[in-house]
Amino acid sequence: MKQAARVSGNKSVELIHVKDLLGITGYLRGGCSPVGMKKLFPTYFDETMQAQEAVYVSAGLRGMQMHVNPQDLQSVVNAEFVPLTICLLYTSPSPRDRTRS
């Protein structure tokens, strides 16, 4: 959430409380989609999404998804591709790297 706040230019960000979700977005819990919100909210997608030919996002109902091209989706919802996640790669030491005592 800290990175989402940084890229959006806010001090902090938080999830919308479930009881407020329908009134703010027009969607019920489990069906919140970047497409078709009551108003156009600032929308951010992780930059790694751009490399995909297609992605699945909520279609507005719980359990229903749509298969879309990320660039097309970005255009429809006026989103920005930004660095939201970090990938940490950990490899355990090889037995050859250990010294015998």
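A: Strands S2 and S3 form a hairpin with 6 residues between them. In its turn, glycine 60 has a positive phi of about 105 degrees. This is a predicted model: local features need pLDDT of at least 70, side-chain atom pairs count only at pLDDT 80 or more, and totals for chains, interfaces and linings use all residues. Residues are numbered from 1 along each chain as its sequence is written, and side-chain values use heavy atoms, with hydrogens and water left out.

S2 covers residues 55-58 and S3 residues 65-68. They pair in the antiparallel sense over 4 bridges (pairing takes at least two DSSP bridges). Valine 55 stands opposite valine 68 in S3. Strands here are DSSP runs of E, at least two residues, and helices are runs of H or I, at least four, numbered from the N terminus.

Next, the aromatic rings. The whole structure holds 1 aromatic pair. Phenylalanine 45 and phenylalanine 81 form it, tilted, at 6.0 Å centre to centre and 50 degrees between the planes. Phenylalanine 45 lies in strand S1 (residues 44-46) and phenylalanine 81 in strand S4 (residues 80-82), so the pair ties together parts 36 residues apart in sequence. Rings of Phe, Tyr and Trp (its six-membered ring) pair if their centres lie within 6.5 Å; planes under 30 degrees apart are stacked, over 60 edge-to-face, the rest tilted. Phenylalanine 45 is buried, at 8% relative accessible area (buried is under 20%, exposed over 50%, partly exposed in between, with a 1.4 Å probe and protein chains only).
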